[in-house]
Amino acid sequence: MNNIPDQTPEEEVVYFDELNLVDELLDALDDMGFEKCTPIQAKAIPPSLEGRDVLAVAQTGTGKTAAFLLPILDKLTREPVSKVNTIILEPTRELAMQVDRQLEGFSFYTPASSIAIYGGRDGHSMEREKNALKTGAPLVVATPGRLIAHLDLGYADLSGVRHLVLDEADRMLDMGFVNDMIKIIDMLPKEKLQILFYSATMPGKIRKFSREILKNPVEISIAISKPAEKIDQKAFDVADWAKISLIEHILKDKKDLERILIFCGRKKTVRDLTRRLQRKGHKAESVSSDLEQQEREDRLGDFRSGKIPIVIATDVLSRGIHIDGIDLVINFDVPGDAEDYVHRIGRTARASAEGEAITLISKEDRQRFKRIEELVEKEVRRVPLPDELADAEPTQGRDDREKGGRGSKKGGGGGRGRGRGRSGPRKSSGDRAGGSPDASGSSNTGGGGGDRPKKFGRRRPKRD
Ligand code: AMP
């Protein structure tokens, strides 16, 4: 399955073997089927190789991970080191694991090894992370909070750090990591530090923050990607109280889909919807920060491999998680941030496949959805409510319907019986289910997580 980010047609095509990268990296790229650079790679790799700071506005799906990893790996192959050399900060555990997996692929033929440091695991992994930080894993991929927990204990030797990557910097700021980031930067040897600053958006506060820490950066902006044309976007205007019933109705027609991802704004909604769908016989599971790390990984693994066809999640999953072959994304709530909409629905139609995105819009959400339509420069098609929910138009007012409406016989009857059992035959997916490990992070590594410096027994780089 191909998952190649779009090339902008008018951009000049740049091939990886024109970039002066070491053979070890070219061999891995070759194994993975990476031949041409994406625009962000073509623009960011040359100045990064020269040691310049980079300020890049690029979203997930543009190939930004390779854009920042390859120049660093090139350096570490030419001049292998034993101390901690590079710190890559990621907003979430999932992204940290995913970047670590890509790293594993790209670095296969190089001497560089890495450790992923993220919270939510047992004390044992803290011990392993500690050892890696003490003995010196050249590349450290970490979430800020967990890294600080180690740094506060004083055993990490950061004197050899030469590269810092801030990935999804806007997200890290939104998540309140600013003090952690500043604290980490303050602990690094600044004179020799190269900072690669990647952000999906560039609001004023991010620009200000970047100015404070970057030295004469090369600025690169890859235009906000609109959702792929092949995503069939539609929306229902529906009162909050009727949303769960509407989801059941929608799922009735989707029994042969292999992977459905439903995003909810709140954890409570995730729990309620999951319970309701499970009661109706759907194989559905939730993924939110309520879960232990291992459970989250297991569920994502089951979703990737096709064992669980429906996952209900908070925005934990909206950015940067590569799960190929998602057929349908449903926004149970309109996301607060217009760009999160692009991220959420970007989970579908990632490859050459077509995808579908359905958004449920309540009265309160209308204004927000309008902003989204402005951002994506498209009026999303409204679909009439099914007959049994026809009186659930949000104009009726949510509050006056709330009491009598929730779980009303109409809504409840709508999904009864027919929504059950997704155990029937599903499309075969040799290239997906339990697919071969690859650097896109689309493999099911389950709990295999990256909590060790790796080199031996690694998987060969490979793309599906
Ligand atoms: P990213 O934006 O870094 O999250 O990458 C998005 C997806 O594109 C990942 O699955 C990468 O493995 C894949 N990818 C990145 N760069 C290339 C490339 N030059 N050729 C083919 N696939 C790529």
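Two strands count as paired here if DSSP finds at least two bridges between them, and strands (E, at least two residues) and helices (H or I, at least four) are DSSP runs numbered from the N terminus. Strand β8 and strand β14 (residues 381-382), for instance, run parallel and are joined by 2 bridges. Please keep in mind that this is a predicted model, in which local features need pLDDT of at least 70, side-chain atom pairs count only at pLDDT 80 or more, and totals for chains, interfaces and linings use all residues. Residues are numbered from 1 along each chain as its sequence is written.

**View 1. The sheet that holds β8 and β14.** Here 7 strands form an open sheet with parallel pairing, in the order β10-β11-β9-β12-β13-β8-β14. At the edges stand β10 (284-287) and β14, each with a single partner strand, so one side of each has no neighbour in the sheet. Look next at β8 (residues 231-237) and β13 (residues 355-361), which pair in the parallel sense over 7 bridges. I231 has G355 of β13 as its bridge partner, while A235 stands opposite R382 in β14.

View 2. Helix α10 (residues 243-252) lies across β8, β9 (260-263), β12 (328-331) and β13, at about 160 degrees to β13. Angles run from 0 to 180 degrees between N-to-C directions, with axes fitted to C-alpha atoms, for helices over the stretch in contact. Helix α12 (residues 293-305) also packs on the sheet, where it touches β10 and β11 (310-313); the direction of α12 makes about 135 degrees with that of β10.

View 3. You will find L385 in the loop between β14 and α15 (398-405). L385 has 19 other C-beta atoms within 10 Å, so it is partly exposed; a residue is buried with 20 or more such atoms, exposed with 12 or fewer, and partly exposed in between, with C-beta atoms placed from the backbone. Leaving out residues up to four places away in sequence, L385 touches F236, V238, A390, A392 and E393, where contact means C-beta atoms within 7 Å. Although L385 and F236 are 149 residues apart in sequence, their C-alpha atoms are 6.7 Å apart in space.

**View 4. Another open sheet.** The strand order is β3-β4-β2-β5-β6-β1-β7, 7 strands with parallel pairing. The edge strands β3 (114-117) and β7 (218-221) each pair on one side only. Strands β2 (residues 86-89) and β5 (residues 163-166) pair in the parallel sense over 4 bridges, with H163 in β5 as the bridge partner of T86. Helix α6 (residues 144-151) lies across β2, β3 and β4 (139-142), at about 105 degrees to β3.

**View 5. The largest nonpolar core.** A nonpolar core is a set of buried Ala, Val, Leu, Ile, Met, Phe, Trp, Tyr and Cys residues joined through C-beta atoms within 7 Å. The largest has 66 residues, and A56, V140, V141, A142, L166 and F197 touch the most other members. Helix α3 (residues 64-78) gives the largest share of this core, 8 residues. A second, separate core of 47 residues includes L246, I262, L273 and A284.

Notes. Two residues are in contact if their C-beta atoms, placed from the backbone, lie within 7 Å.
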